[in-house]
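Hi everyone, thanks for having me.

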Amino acid sequence: MSSWLTRVRNALPFTPKRDTPDNLWIKCPSCSEMLFTKEYEDNLSVCPRCEHHGRIGADARLAQLLDPGFELLPAPKVKEDPLKFRDSKKYTDRLKAAKAANPHPDAMTNAFGTIEGHKAVVGVQDFAFMGGSMGMAVGNAFLAGIDRAVKEKCPYVAVTAAGGARMQEGILSLMQMPRTTVGIAKLHAAGQPYIVILTDPTTGGVTASYAMLGDVQIAEPGALIGFAGQRVIQDTIREKLPEGFQRAEYLHDHGMLDMVVHRHALKETLAKTIGYLTAAKAA
């Protein structure tokens, strides 16, 4: 019987199976709906069912915020693995893997261009690169972006997404907190605005430094924003935290943010904000 079935099967004129891409669908992490990847990306990586704002990379973010024709700024060079750090892997191996999986050499990328005609330098942190962690490369990129904004006499816009400081660089990572703060003071001394767009997630030392020092603080809906994790805080104060604690809407209601803006309206809102902040100088 088995051999007869084999002969019949081999005799049937089966057409070859069509090759289909593996990435046609994506599952929304919030509502679990299956979405066409193209539909999702065309909607700026926002779920059309529940409005969940997905995490996006630096290139996609820059393309969404800046007018076509913007200039990517070179990434500053830093010494890799200054502390010769090793945990379960060497830090150099982790960096090598992160660079192979990402289009840019570290977690922050700057670009100079215009936002609906307004000049601006935009620095974007990419959570896909080692959790957007803040090390010397991020600090140097931030300061390079500030320097270009001062030179161009335009605002600096930081789009934050980070798990905090990069533990493999120890104190050198923590030093980026005061360094970036001094950079923001330099921008203000030149009379230029500093605007922050906080995206999901923005936590740790990034929140404790440049993410919360904007002249205007804007966040995307539902973004997780905080310093320590909710469980750590809850265990420390021994009290149950309110619903939505550390989410953008809660922080906006309690005065820590100026605006919570849908991704579709972010570019327009940013352009208007820059216009308001630079109108006096233009006059």
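Leaving out residues up to four places away in sequence, Tyr194 touches Phe142, Tyr156, Ala158, Ile184, Leu187, His188, Tyr210, Leu213, Gly214, Asp215 and Val216. Please keep in mind that this is a predicted model.

So where does Tyr194 belong? The largest nonpolar core has 34 residues, and Tyr194 is among the five that touch the most other members, along with Phe142, Tyr156, Tyr210 and Ile225. Which elements each supply at least two residues of this core? They are the helices H4, H5, H7 and H10, together with the strands S4, S6 and S7. H5 gives the largest share, five residues. There is also a second, separate core of 20 residues, with Leu65, Leu66, Ala111 and Ile218 among its members. As background, nonpolar side chains in soluble globular proteins tend to be buried together.

Now for the spaces. The largest pocket has a volume of about 240 Å³. It is lined by 16 residues, and Pro76, Val78, Lys99, Pro105 and Ala137 are the closest to its centre. Helices H4 (91-101) and H5 (136-152) each give two or more residues to that lining. By class, the pocket lining has ten nonpolar and six charged residues, with no polar ones.

Methods. Residues numbered from 1 in each chain as written. Predicted model: local features only at pLDDT ≥ 70, side-chain atom pairs only at ≥ 80, totals over all residues. Heavy atoms only, no water. 1 Å grid on protein atoms, 1.4 Å probe; cavity = no way out; pocket = protein on both sides within 12 Å on 5 of 7 lines; lining within 4 Å. Points joined across faces, edges and corners; volume = space filled by probe spheres on them. Helix = DSSP H or I, 4+ residues; strand = E, 2+ residues; numbered from the N terminus. Nonpolar A, V, L, I, M, F, W, Y, C, P; charged D, E, K, R; others polar. Core = buried A, V, L, I, M, F, W, Y, C linked by side-chain atoms within 4.5 Å. Buried < 20%, exposed > 50% of the residue type's maximum accessible area, 1.4 Å probe, protein only. Contact = heavy atoms within 4.5 Å.
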